[in-house]
Amino acid sequence: MWANYYTSRWDNFIQFSSFALSHPFVQCLEDSLLVFTQPTESSYIRYRELTQLIDVAVLDATTLQYHPRAIVASALYVVLALCCELASKEEIAMFFRRGSQFLNALHSFNELFGCFLETEFGFCLQELLPTIQYISTFMSLPFDYQMPENEAGMGCHFEELISLQIHNPLQLEYIQAKMHYSQ
């Protein structure tokens, strides 16, 4: 799955890249490195948000117009922007889809994420604009933070926990409402 690959590449970049480690945006985050695949509750929450965003997008047939790698990279961008408190879920859902100010802003987060994309995957942040605008339309979906059934918590290995199929019961209803609204 592209999401696992992209999150592991992001975690590696943010923790070990000299560019990232010396970047002013990362230095302002103190100990919170915004990783996705570390055995912590905050990392698991970020991973759940990312996978739920991708999963709900996949339920919409319009998603077939976008490259799967662009969907994952765009979801990663949006979830990180949310985690960094650069915008609320509501602001992402309302404003990201309508313009490009967020992407064209000379914000240090864009510089950091842009470097990640270029270094790890060879494409630039500006290329993601249409996909980020599209993926942001799904940010009004309420995220589900319930642990998977039959799991007591973080007791099992983290890799096992993130490999479990996550189901947000609101996804299908959300897509049906989205389709009805767009008609």
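# Close-up views of a predicted model

**Figure 1. Tyrosine 6 and phenylalanine 121 are both buried residues.** The structure shown here and in the other views is a predicted model. The model holds 20 aromatic pairs. In one of these pairs, the ring centres of tyrosine 6 and phenylalanine 121 are 4.0 Å apart and the ring planes lie at 5 degrees, so the pair is stacked. Tyrosine 6 belongs to helix 1 and phenylalanine 121 to helix 8, so the pair ties together parts that are 115 residues apart in sequence. A further pair is formed by tyrosine 134 and phenylalanine 138, whose ring centres are 5.2 Å apart with planes at 85 degrees, so this pair is edge-to-face. Tyrosine 134 has 8% relative accessibility and therefore counts as buried. Phenylalanine 138, at 0% relative accessibility, counts as buried as well.

**Figure 2. Helix 1 comprises residues 2–16.** This helix has 15 residues, and the distance from its first C-alpha to its last is 21 Å, close to the 21 Å expected at 1.5 Å a residue. Its buried residues are Ala3, Tyr6, Thr7, Trp10, Asp11, Phe13 and Ile14. Why do these residues lie on the same side of helix 1? They cover an arc of only 165 degrees around the axis, which puts them on that one side. The cover over the buried residues of helix 1 includes helix 2 (18–21), helix 3 (24–27), helix 4 (41–58), helix 5 (68–83) and helix 8 (108–121).

**Figure 3. Two charged residues sit over aromatic rings.** Arginine 69 lies over the face of tryptophan 2, at 5.3 Å from the ring centre. In the other example, lysine 89 places its charged end over the ring of phenylalanine 143, 4.0 Å from the centre of that ring.

**Figure 4. The largest nonpolar core has 55 residues.** Trp10, Leu76, Tyr77, Phe113, Leu117, Leu128 and Ile132 touch the most other members of this core. At least two residues of the core come from each of helix 1, helix 3, helix 4, helix 5, helix 6 (89–96), helix 7 (101–104), helix 8 and helix 9 (129–136). Which helix supplies the largest share of this core? That share, twelve residues, comes from helix 5. In soluble globular proteins, nonpolar side chains tend to be buried together. Tyrosine 77 illustrates the contacts: not counting residues up to four places away in sequence, tyrosine 77 touches Phe96, Phe102, Leu103, Phe109, Asn110, Phe113, Leu125 and Ile132.

**Figure 5. Helix 5 is mostly covered, with 13 of its 16 residues buried.** At 1.5 Å a residue, helix 5 should span 22 Å, and its end C-alpha atoms are 22 Å apart, which agrees. Cysteine 83 is part of this helix. With 23% relative accessibility, cysteine 83 counts as partly exposed. Leaving out residues up to four places away in sequence, cysteine 83 touches Leu34, Arg46 and Glu49. The C-alpha atoms of cysteine 83 and serine 42 are separated by 9.8 Å, although the two residues are 41 residues apart along the chain. Just after helix 5, glutamate 85 takes a positive phi of about 60 degrees. This residue is other than glycine, and its place is in the loop between helix 5 and helix 6. Is glutamate 85 buried or exposed? Its relative accessibility is 71%, so glutamate 85 counts as exposed.

**Figure 6. Alanine 93 lies in helix 6.** At 6% relative accessibility, alanine 93 counts as buried. Apart from neighbours within four places in sequence, alanine 93 is in contact with Ser136, Met139 and Ser140.

**Figure 7. The protein chain has eleven helices and zero strands.** Read from the N terminus on, its elements run α-α-α-α-α-α-α-α-α-α-α. Of the 183 residues in the protein chain, 48% are buried. Among contacts between residues at least 6 apart in sequence, 76% join residues at least 24 apart.

How values were computed: Residues numbered from 1 in each chain as written. Predicted model: local features only at pLDDT ≥ 70, side-chain atom pairs only at ≥ 80, totals over all residues. Heavy atoms only, no water. Helix = DSSP H or I, 4+ residues; strand = E, 2+ residues; numbered from the N terminus. Expected span 1.5 Å × (residues − 1). Buried < 20%, exposed > 50% of the residue type's maximum accessible area, 1.4 Å probe, protein only. Arc of directions from axis to C-beta. Contact = heavy atoms within 4.5 Å. Phe/Tyr/Trp six-rings, centres within 6.5 Å; stacked < 30°, edge-to-face > 60°. Lys NZ or Arg CZ within 6 Å of the ring centre and 35° of its normal. Core = buried A, V, L, I, M, F, W, Y, C linked by side-chain atoms within 4.5 Å.
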